[in-house]
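Please look over the model shown here, with attention to its ligand site, its metal site and its surface.

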Amino acid sequence: MYNSIDQYNIQEFSSWSPSFDKKLIIAGPCSAESEKQVLNTAEAIVNDINIFRVGIWKARTQPKTFTGIGKSGLKWLKKVEELFNIPTMIEVLSPEHVKYALDHNIKYVWLGARTTVNPYLTEEIALALAGSDMRVFIKNPMVPDISLWMGAIERINNAGINKIAAIHRGFQSMYSAPYRNEPIWEIPIKLKCMFPSLPILCDPSHIAGKTEYIEEIVNKALSLDMSGLMIETHISPKDALSDRAQQLSPGELHELLKSIDSSQNNIINSGIGQIDESVRQIETLRKLIDSLDESMLKTISQRLKAVEEIGKLKKDINIPALQVSRWKEIIENRINIGNNLNLPEKFVEKLMEIIHYEALKRQ
Ligand code: PEP
Ligand code: MN
């Protein structure tokens, strides 16, 4: 099902720059607010990061909030590049923004979640990028639809860009609590299966919405071997004009990166014997998972066959396929069973809904 589509010639990070062979770290403020805020933030984090990010134009939900400093902020980024010898990266939300980025010789841009959700706009941005040497990071769309994400990647690639990376920033969803956006990890994993050379990073800031959750999301992303992180960082988060609750201070960023560095080194240094044993155990558990999945799917297939039988009988005696009271009973009962098996209520509910949806199609 997940045949990779590698005619796209997307380049792995190591061929973008030799310094990108480790985890790529992108950080910087949500928005550029003043020259001082931009320069002070950059100076405080330059030694911890590979690319300095900053939002120049902001697509804010409420019109009366800060919508970005606009193109006058671009000259501050040039100063950052000159003073601290680090590349900068901005979000482009229109073909006009691409033109400004190219005019200012900015080498890295990203497409935000509100852009990738819109194929027409993505196409226009792709056309504006055509023929350039821009490196383009593509965030997942707001909604959990992998084909929109893939479509955006293909459009940018069709414009002749092959330095492309994706960023998982979570999805707007009713199941996001306690986070701001729900991280649906299987979606970036499927994307990786489709585009094996595509680097995929994680943006824990927009998933978390609050700094207190950032570390656990980072750990999850690293356990899935994602290629890097984009983390919002502000010289004084409490004064930030956008996304105040989720921005780290430079000191907090430093501590976070130090802790992941040492845990990555621990993995490498934990001794060959230990690694052999762990690899063996992982293999065994994978086999277990394979066979459990097979029996789970067989059980679901049997359940759906039973549903089809019931469907025929209902037709014979002319009663509708869906009886709400029966469905309620099922959900309550399965949630109880799940409770006893230590399965979260929301999970059981979602799972039963997916099965029920397929069952209704068959009746
Ligand atoms: C951002 O990174 O500042 C941003 C607006 O991100 P997203 O598109 O993920 O909301
Ligand atoms: Mn932001």
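A polar side-chain atom of Arg114 lies 2.9 Å from an oxygen atom of ligand 1, and a polar side-chain atom of Lys139 lies 2.8 Å from an oxygen atom of that ligand, polar contacts being pairs of N or O atoms within 3.5 Å. This is a predicted model, in which local features need pLDDT of at least 70 and side-chain atom pairs count only at pLDDT 80 or more, while totals for chains, interfaces and linings use all residues. Residues are numbered from 1 along each chain as its sequence is written, chains are lettered from A and ligands numbered from 1 in the order in which they are written, and side-chain values use heavy atoms, with hydrogens and water left out.

**Ligand 1**
- Arg169 also takes part, with an N or O atom of its side chain 2.6 Å from an oxygen atom of ligand 1.
- Taken alone, ligand 1 exposes 300 Å², of which the protein buries 94% (Shrake-Rupley method, 1.4 Å probe).

**Manganese ion (ligand 2)**
- Its protein donors (N, O and S atoms within 2.8 Å of the metal) are Cys30 (SG), His206 (NE2), Glu232 (OE) and Asp243 (OD), at 2.1 to 2.5 Å.
- His206 belongs to helix H9 (residues 204-208) and Glu232 to strand S8 (residues 228-232), so the pair ties together parts 26 residues apart in sequence; helices (H or I, at least four residues) and strands (E, at least two) are DSSP runs, numbered from the N terminus.
- Both His206 and Glu232 are buried, meaning under 20% relative accessible area.

**Loop**
- Leu343 sits in the loop between helix H13 (324-340) and helix H14 (345-362).

Note on methods
Donors = N, O, S within 2.8 Å, 3.2 Å for Na, K, Ca; no water. Buried < 20%, exposed > 50% of the residue type's maximum accessible area, 1.4 Å probe, protein only. Polar contact = N/O pair within 3.5 Å; in protein donor to acceptor, adjacent residues only side chain to side chain.
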